[in-house]
Amino acid sequence: MIEVRDVTKRFGTTVALDAVSFSLQRGEILGFLGPNGAGKSTAMKIITTYLAPDEGQVAVEGIDVLEQPLAVRGRIGYQPENVPLYPDMSVHDYLTFVGRARGLTGARFQERLGWCVEACGLQTELKKPIQELSKGFRQRTGLAQALIHDPEILILDEPTSGLDPLQIIGIRELIKSLAGQKTIIFSTHVLQEVSPVTNRVVIINEGRIIADGMIDDLARRAMGSNRIFAGLRHDVDEVERSLRQLQGVKEAIRLPAGERGTARFELRAPFGTDLTGAVANLARERNWELCELHEAAFSLEDTFIALTREDRAVRQEVA
Amino acid sequence: MRNVATIFRREFSAYFNSPIAYIFIIVFLVLNCGLFMTPFFLQGQADMRDFFGNLPLFLIFFIPALSMRLWAEDKRTGTFELLMTLPIRSSEVMLGKYLAAMAFFLVALAGTLPIPIMINALGNPDGGAIFSGYLGAVLLGSLYMSVGIFASGLLRDQISAFILGMLACFILFMLGIPAVAATIDGWISGLGSFLQEFLGLVGHYQSLQRGVLALGDLAYFLTLTAVFLALNTLWLEGRKY
């Protein structure tokens, strides 16, 4: 569906994208992650044919972006980071303009307009000039603009930036409701926004892709171990000694004591070891009271930080 | 063609969505008609020679004021990225914008039509000269407009686009003045008269103003307009790389 191969883009002496490759199947949702200035927007601009790559190829549904840009544009709905609105137009006139420019007319246009207005919650704002809209409604108008021609592919550059939590949930729900029907790439630098919507991510840093895959796999790869929190009511030193002797435990980190002097620990072990079972058995054998026992997944933040660090270390070695 | 019409409609209504349109039309008519009518009754001649004679200088200010926003505003609001990712050729977008600005200029120019009507009532003017005068005004406007839209494409800021457009139009105007051509000839022999012939607009415009419809003059305005519009499209295509 979307195929990005070895794309490099330079602006003067800065390298915005450095041999970036990734691909996307029909119906997939891809979270495009990275710090500000990592090259997310540049990559999206190249896919939407706004910019041309210096090197490498990009194909959308098998169509090369340099050879037939108009055919590619027709298949894509694009919301740039800087939402492209005409402040002097009303929402209705604006959507009519984009609809016409995208070749929609008559009943088909009315049907799509109705759908977009409904899906983006713009009913009350339809007649208002865009310059009077709040930030949230501007974002939604931008999204309606990207959806007006019912595109196969949606490219959304930071669709939730500047929105309040409720609005973010609204946009998230909208993207989720399109899952399966449309191929979607959305970028963000707020990591928590990704996991509710999709599992597939590409992480980009300083113009290079540092990770591409499912969030869970990436977490495993990045952290290399599982994390378990255990709390036992007994003498701290003795508990620590016993825990360290359990099979598979690589690390036992002492945590601040819990209520009524519970000895709490964070344990690390390779993936696949049944550490919770082992701790539960230990408590039963020794007759210690077990107050806390749970596995903690690594957050996307941890993964992201670990991957960026790893990438930096690799690069410094090379240099 | 339908794409050009879509862009045209948006751009033409954009002029009237802001007070600029009305201010522009009022100032244009007051200045042009006022400056023409003051000596008109003293001379007592039923023609519009002076009216058309003033235009090359007047339009140097008026046309860039219309063209400055054409690209610069889109770049500021971010709609430039929308226009360049719609399934429309950049030449079609450019043409839609250019024609919208020209249509607006024609509306303003149509506001001066009471003058020939009045002259017709007062005396016996040469209708052909007035017609070719208006044709000259439209051609002159279209040349300045193509220079202005090109300048607007190069820049992000409307005021800079206005000043650059004005400067470029002024240079085209100056190159056609014999005294300027003679001075340049003094520096590099032959260069001044060459530029006067091929780029300077005064000579070509004056023959239209006198009522002479020569193919060469029409070709001059149309060719130069097309050159600047083509340059504008080239820049739109080249920007990607």
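Modeller: Two strands pair if DSSP finds at least two bridges between them. Helices (H or I, at least four residues) and strands (E, at least two) are DSSP runs, numbered from the N terminus. This is a predicted model, in which local features need pLDDT of at least 70 and side-chain atom pairs count only at pLDDT 80 or more, while totals for chains, interfaces and linings use all residues. Residues are numbered from 1 along each chain as its sequence is written, and chains are lettered from A and ligands numbered from 1 in the order in which they are written.

Biologist: What is the strand order of the open sheet in chain A?

Modeller: The sheet has 6 strands in the order β6-β7-β8-β3-β9-β10, with mixed pairing.

Biologist: Why do β6 and β10 of chain A count as standing at the edges?

Modeller: β6 (76-79) and β10 (208-214) each have a single partner strand, so one side of each lacks a neighbour in the sheet. From one strand to the next, the twist averages 15 degrees.

Biologist: How do you know that β3 and β8 of chain A pair, and in which sense?

Modeller: β3 (residues 29-33) and β8 (residues 183-188) share 5 bridges, in the parallel sense. The rule asks for at least two, so they qualify as a pair. One of the bridges joins A:I29 to A:I184 in β8(A). β7(A) also pairs with β8(A) in the parallel sense, over 5 bridges, and there A:L154 has A:I184 as its bridge partner. In general, strands of a sheet pair through backbone hydrogen bonds, either parallel or antiparallel.

Biologist: Which strands does helix α1 of chain A touch when it packs on the sheet?

Modeller: Contact here means that the C-beta atoms of two residues, placed from the backbone, lie within 7 Å. Helix α1 (residues 40-47) touches β3, β7 (153-157), β8 and β9 (200-205) of chain A, and its direction makes about 150 degrees with that of β7(A). Helix α5 (residues 135-147) packs on the sheet against β6 and β7 of chain A, at about 165 degrees to β6(A). Such axes are lines fitted to C-alpha atoms, for helices over the stretch in contact, and angles run from 0 to 180 degrees between N-to-C directions.

Biologist: What makes β8(A) a mostly covered strand?

Modeller: A residue is buried if 20 or more other C-beta atoms lie within 10 Å of its own, exposed if 12 or fewer, and partly exposed in between, with C-beta atoms placed from the backbone. In β8(A), 6 of its 6 residues are buried. A:T183, A:I185 and A:S187 lie on one side and A:I184, A:F186 and A:T188 on the other, so both faces are covered by the burial rule.

Biologist: Is A:N287 buried or exposed?

Modeller: A:N287 is exposed, because its 7 C-beta neighbours inside 10 Å meet the limit of 12 or fewer. A:N287 is in the loop between α9 (275-286) and β14 (289-295) of chain A, and its phi is positive, near 65 degrees.

Biologist: How do you know that the radius of gyration of chain B agrees with a compact globule?

Modeller: The radius is taken over C-alpha atoms, and the globule rule is 2.2 Å times the number of residues to the power 0.38. For 241 residues the rule gives a value near 18 Å, and chain B has 19 Å, which agrees. Chain B contains 13 helices and 0 strands, and 40% of its 241 residues are buried.

Biologist: Which residues of helix α4 of chain B are buried?

Modeller: In α4 (residues 69-77), the buried residues are B:R69, B:L70, B:W71, B:A72, B:E73 and B:D74. Their cover includes α3 (49-67), α5 (79-83), α6 (90-110), α8 (127-154) and α9 (158-175) of chain B. B:G78, with a positive phi near 90 degrees, follows α4(B).

Biologist: How many residues does each chain give to the contact?

Modeller: Chain A gives 21 residues and chain B gives 19 residues. On the chain A side, α2 (69-75) and α3 (91-101) each supply at least two residues.
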